[in-house]
Amino acid sequence: MSGSDSIRPYTESEIIMTAVRIVAPFVLTYGLFITFHGADSPGGGFQGGALIGVVVFMLAFAFGIAPTREWVGSGLMTALAAGGVIVFVSVGLGTLALGGKFLEYGLYEPFLGPDATKWGMEAIEIGGVAAIVSGVIMALFFLTAAGYASQGGEDV
Amino acid sequence: MNEIRLGAIFVLLAGGVFFTFVSAVGVIRLPDVYTRAHTASQTDTLGAGLVVAAVVLAYGVETEVIKALLLLVFIFITNPTAAHAVGRAAYEEGIEPWTKGDERR
Amino acid sequence: MSAVGFALAGFVIITAIATAMLRDTLAAIIVFAAYSLGMALFYTLLLAPDVGLTEAAIGAGVTTILLLVTIAKTTRPRAEKVFTAINCPAATLSVGLVAVLLFTVGSIPVENFLGEATPVTGAAGTPGESVTGHYLQSTYEQTGVTNAVTAVLAAYRGFDTFGEAVVVFAAGVAVVVVLHRGEFL
């Protein structure tokens, strides 16, 4: 940010940091609840992943964007976004390998028991969509905040 | 007993609507960003707070009451913080607070 | 639709027009956030809490923050007028398009304005005869989850959701490419 001190990382006031410290665990819990409980209540991977990403936004606004970016790490964001796609694809291709159609969860019944369809959907929602959305949202935020690389953007 | 509860719900709702209206008028009428942030934070803290309190009374003893009370707690934490952030950002931008005799109205 | 519904619909329409008309980018972003919030309430009122939750989290929350960060990194053009001038040909075209689309509303397979039954909603009291009723009745037996929306997303239309998730991933990759970041961040 333009108004920040170059030596000390830009942080908001003590009041904002305290409020974020109090609220962030609840928002993270709510995001995880929406993600993991999406099969039986409103919500799902998309909404829950967005809320998990928003927790990182809050931390970044309270404690400074650059320190939060280093704390989260690009590895985690890459792993979430790419890992989510891999999980989704492998669950889908697994049914193809078992001789069915793409995402035909019923074929997992020999391994997962009679609730295989439910477990397959949970895997898609939690390991796939929620991971992709949370990783990409965090990455979009930090990338936008860092700016254009070859035109005076911050070093990352 | 039920009449008292109904009356209390009515009073709380009326208070919530009143404070929301007052702060809406204030946002339009007050001169600068600091006074406006002050009155805008009233909408949520007092207006929404009183309305949620009325909701709690209307539900009686149920699990929904816990959700409403949690909502109240979060409104009381986040909303003054938001008002503080607005005021602080305006101060760091170098906006002068309104004083008596200022032509801004 | 109740009085609250009409009030919300009016709010959403006014904020949508204001978003398009405001010259100041920052003001447009804030009004757009209000539009998303109104839309989220509207979806919830129409008994679609899943969509309402998405609109509140993505539309009102994430989009607003990303646009604000973009403004902070780029420039906020100083606007001398509050509202932008209306581009008459474009306005005529969009109003005409909306009018044409409104004519097709009567044939959309949901319960129409007169409350008549259609293939999606089915006749009143016979949920099994409509598409919606079919999902509501057989979702739990077929998939083992109680939220029919999640079942449609992840099981019945799983391939579509797969495409959607990959599009989100591709958006992240596209931003990396556009901002000329060699490695991911």
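Select Ala50(A), Ile132(A), Val133(A), Val136(A), Ala139(A) and Phe141(A): in the largest nonpolar core, which has 66 residues, these touch the most other members. The model is a predicted one.

Next, colour the helices that each supply at least two residues of this core: H1 (14–36), H2 (45–63), H4 (74–97) and H6 (116–146) in chain A, with H2 (25–45), H3, H6 and H7 in chain C. H6(A) gives the largest share, 18 residues. Domain 1 (1–84) and domain 3 (147–185) of chain C both contribute residues, so the core lies between them.

Zoom in on Val133(A). Leaving aside residues up to four places away in sequence, Val133(A) touches Gly45(A), Phe46(A), Gly49(A), Ala50(A), Gly53(A) and, from the other chain, Val168(C).

Now show chains A and C together. Here 40 residues of chain C are in contact with 50 residues of chain A. On the chain C side, helices H3 (49–73), H6 (148–156) and H7 (158–178) give two or more residues each, and H3(C) provides the largest share, 14 residues. By class, that side of chain C has 25 nonpolar, twelve polar and three charged residues.

Stay with chain C and colour by domain: domain 1 covers 1–84, domain 2 covers 86–144 and domain 3 covers 147–185. The centres of domain 1 and domain 3 of chain C, taken over C-alpha atoms, are 23 Å apart.

Finally, move to chain B and select H2(B), residues 33–59. At 1.5 Å a residue its 27 residues should span 39 Å, and the end C-alpha atoms are 38 Å apart, which agrees. Look at Gln42(B), where H2(B) bends by about 30°. Just after the helix, Gly60(B) has a positive phi of about 75°.

Key
Residues are numbered from 1 along each chain as its sequence is written. Chains are lettered from A and ligands numbered from 1 in the order in which they are written. This is a predicted model: local features need pLDDT of at least 70, side-chain atom pairs count only at pLDDT 80 or more; totals for chains, interfaces and linings use all residues. Helices (H or I, at least four residues) and strands (E, at least two) are DSSP runs, numbered from the N terminus. The expected span of a helix is 1.5 Å times one less than its number of residues. The bend at a residue is the angle between axes fitted to the seven residues ending there and the seven starting there. Domain bounds come from an automatic or database domain assignment. Two residues are in contact if their C-beta atoms, placed from the backbone, lie within 7 Å. Ala, Val, Leu, Ile, Met, Phe, Trp, Tyr, Cys and Pro count as nonpolar, Asp, Glu, Lys and Arg as charged, and the others, Gly among them, as polar. A nonpolar core is a set of buried Ala, Val, Leu, Ile, Met, Phe, Trp, Tyr and Cys residues joined through C-beta atoms within 7 Å. A residue is buried if 20 or more other C-beta atoms lie within 10 Å of its own, exposed if 12 or fewer, and partly exposed in between; C-beta atoms are placed from the backbone.
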